[in-house]
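Try each task yourself before you read its solution.

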Amino acid sequence: MQLLSVNVGRPRDVAHGDRTVPTGIFKQAIADRVRVGSTNIEGDGQADLTVHGGVDLAVYAYPHEHYAYWEQELGRHDFQPGQFGENLTTRGLLEDDVRIGDVLAIGSARFEVTQPRVPCFKLALRMAAPEIVKLFLRSQRTGFYLRVLQEGEIGAGDTIARVATDPLQMTVREVFQVSYAEGAGPAVIQRAMAMPALARNWREMLAKQLAASAT
């Protein structure tokens, strides 16, 4: 498993219809090694901290394996590292193998997997493709967010080592399907909510889903 690219970007204003919106989704690859802090990577930033960033969503990773799928799906061949707003473009870490709570060692930093990604309309702005949010969800090629357990330095080319995992925990894809596929019953929702590493906002979403299923 390998870190192919580290991508960062500061928030900027982007046209959206008849208004402008701030977004940090435009990331660019950096060549130098960079410091990872508790809530982001040095040189990176999020525009709306109510839904992005923070301890549970400090770093976003996306598998490079999905790039070929999207090139074919969208009929494009102009993708660059960070195309999906990810901080880390990875190889060898797919959603049906990575589990919530997995601990990943990259460089001198340590990360913990916290949740799948559910994109907002800003992904459509980044991709210049209005349909991409719906396609992204349907594809279940979500990537995943990471909590920083140990600050350190990382750089493109670093090996990614999975230093802890628990086969009883749900995979990123399984957790996504609990909320975005049909038929998740209360027992499955409760199992997902019981995972200690699951991000708080996802746990809150599942609690609402569980309450709605009981009515």
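**Exercise 1. Find which backbone oxygen the side chain of Lys122 reaches, then describe the surroundings of Lys122.**

Step 1. Start at the side chain of Lys122: it reaches the backbone oxygen of Pro22 at 2.6 Å. For such a polar contact, two N or O atoms must lie within 3.5 Å; within protein, one must be able to donate a hydrogen and the other to accept it, and residues adjacent in sequence count only if both atoms are side-chain atoms.

Step 2. Before going on, note that this is a predicted model, in which local features need pLDDT of at least 70 and side-chain atom pairs count only at pLDDT 80 or more, while totals for chains, interfaces and linings use all residues. Residues are numbered from 1 along each chain as its sequence is written, and side-chain values use heavy atoms, with hydrogens and water left out.

Step 3. Place Lys122 in the fold: it belongs to helix H2 (residues 122–127). Helices here are DSSP runs of H or I with at least four residues, strands are runs of E with at least two, and both are numbered from the N terminus.

Step 4. List the neighbours. Not counting residues up to four places away in sequence, Lys122 touches Pro22, Thr23, Ile25 and Ala47, where contact means heavy atoms within 4.5 Å.

Step 5. Is Lys122 buried or exposed? Its relative accessibility is 10%, so Lys122 counts as buried. The classes are buried under 20% relative accessible area, exposed over 50%, and partly exposed in between (1.4 Å probe, protein chains only).

**Exercise 2. Describe how S2 and S3 are joined and paired.**

Step 1. Strand S2 (residues 12–16) and strand S3 (residues 19–23) run antiparallel and share five bridges. Two strands pair if DSSP finds at least two bridges between them.

Step 2. Look at the turn. Two residues separate S2 and S3 in this hairpin, and Gly17 in the turn has a positive phi of about 65°.

**Exercise 3. Give the strand order of the eight-stranded open sheet and name its edges.**

Step 1. The order is S4-S1-S7-S6-S10-S9-S8-S12, with mixed pairing.

Step 2. Strand S4 (28–30) and strand S12 (160–164) are the edges, since each pairs on one side only.

Step 3. On average, neighbouring strands of this sheet are turned by 40° against each other, direction ignored. Axes are lines fitted to C-alpha atoms, for helices over the stretch in contact, and angles run from 0 to 180 degrees between N-to-C directions.

Step 4. Zoom in on one pair: strand S9 (residues 109–116) and strand S10 (residues 144–150) are antiparallel, with six bridges. Gln115, for example, is bridged to Tyr145 in S10.

Step 5. Now take Leu104 in strand S8 (residues 103–106). Leu104 has a relative accessible area of 2%, so it is buried. Apart from neighbours within four places in sequence, its contacts include Leu93, Phe111, Val113, Phe144, Leu146 and Ile160.

**Exercise 4. Summarise the chain as a whole.**

Step 1. Count the elements: the chain has six helices and twelve strands.

Step 2. What is the radius of gyration of the chain? The value is 17 Å, which agrees with the figure near 17 Å for a compact globule of 215 residues. This radius is taken over C-alpha atoms, and the globule rule is 2.2 Å times the number of residues to the power 0.38.

Step 3. Of the 215 residues, 47% count as buried.

Step 4. Among contacts between residues at least 6 apart in sequence, 74% join residues at least 24 apart.
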